[in-house]
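Reader: Hi, I am new to this one and would like to go through it slowly. Could you show it to me before we start?

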Amino acid sequence: MEILDDRAYLTPPDNEADKVYECYFCDSAIYEGEDCYMIDSLVYCERCINKHFKIIAEKPDIEGYLADLEYHDTK
Ligand SMILES: [Zn+2]
């Protein structure tokens, strides 16, 4: 009867991916193969890229836009 060596299964799998970047925003590690984004040589993880855009984006001047429409309507 063949004796299987069970100890091989106890060895942790070699799944430690290389840490490639660190997110500029949340400091979490970004590993090889993970999605990440680079803007101006700053790296953002997938979770933070949306925050980045929200912060840099200008809020539209809705009131000004509506006032402008009204102005044209009443002309
Ligand atoms: Zn992040």
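Predicted model: local features only at pLDDT ≥ 70, side-chain atom pairs only at ≥ 80, totals over all residues.

Reader: Okay, and which residue stands opposite Ile30 in S2?

Author: That is Tyr21, which faces Ile30 across the pairing.

Reader: How many residues lie between the strands in that hairpin?

Author: There are six residues between S1 and S2, and in this hairpin Asp27 takes a positive phi near 65 degrees.

Reader: What is Glu22 in contact with, leaving aside its neighbours within four places in sequence?

Author: Glu22, which belongs to strand S1, is in contact with Asp27, Ala29 and Ile30 once those neighbours are set aside. The C-alpha atoms of Glu22 and Cys45 are 8.0 Å apart, with 23 residues separating the two in sequence.

Reader: And why does Glu22 count as partly exposed?

Author: Because Glu22 has 14 C-beta neighbours inside 10 Å, while a residue needs 20 or more to be buried and 12 or fewer to be exposed.

Reader: Switching topic, what is the order of the elements from the N terminus on?

Author: The protein has three helices and four strands, and they run α-β-β-β-β-α-α. Buried residues make up 3% of its 75 residues.

Reader: Where is confidence lowest, and where is it highest?

Author: Confidence is lowest in helix H1 (residues 7-10), with a mean pLDDT of 62, and highest in strand S4 (residues 42-45), at 93. The protein averages 82, and 75% of the residues score at least 70.

Conventions. Residues numbered from 1 in each chain as written. Helix = DSSP H or I, 4+ residues; strand = E, 2+ residues; numbered from the N terminus. pLDDT = per-residue confidence, 0-100. Pairing = 2+ DSSP bridges. Contact = placed C-beta atoms within 7 Å.
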